[in-house]
Amino acid sequence: RGYTTLTTTTKQLAQISTMTVNAHRHCSYYLILLLFSNITILLSSAFSATQPSAESPSAKTIMSDQASQEERRTPITRRRYYSPFLSPLHGSNTNSAALIILNTPIKSTANSSLPDVFRVLWKSTSFHVCADGGANRLYDATIGPSSSDDDIDENDALIPDLITGDLDSIRPDVRSYYEQKGVPIVCVEDQNYHDLDKSLMAVEKWIEKLTTTSSSSSLSNGDNDSNGFNQSSQAFIYGGFGGRFDQEMACINTLYSWGQKEAFQQTQMSIFDEETGVILLSEAPITNEILIRFPDVEEGDDNESREKSDQVEVGEGPTCGLIPIGARCERVYTSGLKWNLDGDMPLEFGGLVSSSNRIVDKVVTVKTSSPLLFSFEIVKR
């Protein structure tokens with residue numbers, strides 16, 4: 001009997017112990033839930049306290065800024081080539097245009113030591129870079145024996161903002177002259193890159209600097225103008241044709257490869273000399289629009305005013321071409337040409353290359369599945 005009583009008492013104690021543990025466990029759960037609930041309420045109150053009222057000016061500013069950021073992230077669908085020979089440049093910002101001068105002759109004309117295309121490109125740009133021996137060419141055309149006394153005042157102002165490259169071509173007298181003028185001369189010895197590449201590296205840094213200034217916020221954000229066109233910067237390369245064929249092809253390759261870089265997605269790139277020019281067209285979904293100086297259309301009053309003037313004007317002429325580079329262009333759609341493409345014929349070497357076409361409208365549009373070169377002649381009227 002005593003054993004039975006002890007056993008019963010032991011079981012009762014065990015039950016009481018189990019009940020006590022369960023009670024503590026349930027209490028712990030309740031305490032944790034209560035604590036979590038209080039923390040959530042406190043965090044919610046604190047977050048609400050930091051938010052401005054939807055009716056307050058600060059709230060409207062925040063919402064406006066967010067909307068602006070969304071607009072800036074909208075993909076660019078149209079890009080326009082602004083001819084440097086049109087004045088004004090149809091909305092193009094001269095302050096966001098750069099000129100690279102290559103090591104090819106800057107030939108004088110009968111009326112000036114500076115040829116017409118070069119003169120226009122210099123005036124249309126605000127950042128001027130000489131690619132190594134390009135400094136010799138600029139010096140000879142503006143300061144050297146081939147310069148004209150009639151242009152001495154203008155030529156004296158043609159001082160580059162930078163000379164760069166491996167500097168194996170610049171003459172000592174030219175280097176000394178520009179050093180005295182305070183021109184930075186930067187040696188980049190990497191032989192894996194051409195002097196044009198090294199000049200474009202400098203232009204890239206210059207564009208990045210532009211994007212950090214308040215005056216070029218549209219450039220930095222990739223905004224569109226009132227007509228929906230991207231307000232891009234421009235990079236003109238002078239002297240890429242007329243010399244050795246391998247150097248011409250190196251220039252074309254550089255134009256293509258740099259045009260694919262992220263930093264140059266907002267930059268319209270082109271190569272000029274006194275007889276021809278090419279621009280790099282972006283692939284779809286971007287539609288390229290091209291305005292040249294002398295399309296094959298009636299110009300009305302502008303044509304009459306030019307006939308009355310003795311001044312010779314220079315610009316892109318109506319003869320043009322579409323040249324595939326880098327890859328086969330499966331589909332190309334155009335408007336504004338005498339012989340338009342409707343996407344049913346690919347462009348490729350070994351197949352069709354559109355040459356000797358003609359611009360018959362004030363605006364040419366090109367939409368292509370791969371990057372293209374758009375070439376045009378340079379004419380004087």
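Predicted model: local features only at pLDDT ≥ 70, side-chain atom pairs only at ≥ 80, totals over all residues.

Two strands are said to pair if DSSP finds at least two bridges between them. The protein as a whole has 10 helices and 14 strands.

**Overall picture**

- The protein has 381 residues, and buried residues make up 42% of them.
- Among contacts between residues at least 6 apart in sequence, 72% join residues at least 24 apart.
- The accessible surface comes to about 21,000 Å², and carbon and sulfur atoms account for 52% of that surface.

- Strand S9 (residues 287–291) pairs with strand S13 (residues 364–368) in the antiparallel sense, over 3 bridges.
- Opposite glutamate 289 stands threonine 365 in S13.
- S13 also pairs with S11 in the antiparallel sense, here over 4 bridges.
- Valine 332 has threonine 368 in S13 as its bridge partner.

- Strand S7 (residues 267–272) is largely enclosed by the rest of the structure, because 6 of its 6 residues are buried.
- Cover is found on both faces of S7: Thr267, Met269 and Ile271 are buried on one side, and Gln268, Ser270 and Phe272 are buried on the other.
- Strand S6 (residues 233–238) pairs with S7 in the parallel sense over 6 bridges.
- Within this pairing, glutamine 234 has glutamine 268 in S7 as its bridge partner.
- Between S6 and S7 the chain passes through helix H9 (residues 245–259), and this β-α-β crossover is right-handed.
- On S7 and strand S8 (residues 276–281), 3 bridges join the two strands, which run antiparallel.
- Phenylalanine 272 stands opposite glycine 277 in S8.
- S7 and S8 form a hairpin, with 3 residues between the two strands.

**Helices H4 and H6**

- Two packed helices are described by the angle between their axes and the distance between the axes.
- For helix H4 (residues 134–142) and helix H6 (residues 172–180), the axes come within 10 Å and cross at roughly 80°.
- Angles of 65 to 115 degrees count as roughly perpendicular, so H4 is roughly perpendicular to H6.
- On the H4 side, Ala135, Asn136, Leu138, Tyr139 and Thr142 meet Asp173, Val174, Tyr177 and Tyr178 in H6.
- H4 is mostly covered, with 7 of its 9 residues buried.
- The buried residues in H4 are Gly134, Ala135, Asn136, Leu138, Tyr139, Ala141 and Thr142.

Notes:
Residues numbered from 1 in each chain as written. Heavy atoms only, no water. Buried < 20%, exposed > 50% of the residue type's maximum accessible area, 1.4 Å probe, protein only. Contact = heavy atoms within 4.5 Å. Areas by Shrake-Rupley, 256 points an atom, 1.4 Å probe, with all protein chains shown as cover. Right-handed = clockwise from strand over helix to strand, strands pointing away. Axes fitted to C-alpha atoms, helices over the stretch in contact; angles between N-to-C directions. Parallel < 35°, antiparallel > 145°, perpendicular 65-115°, else oblique.
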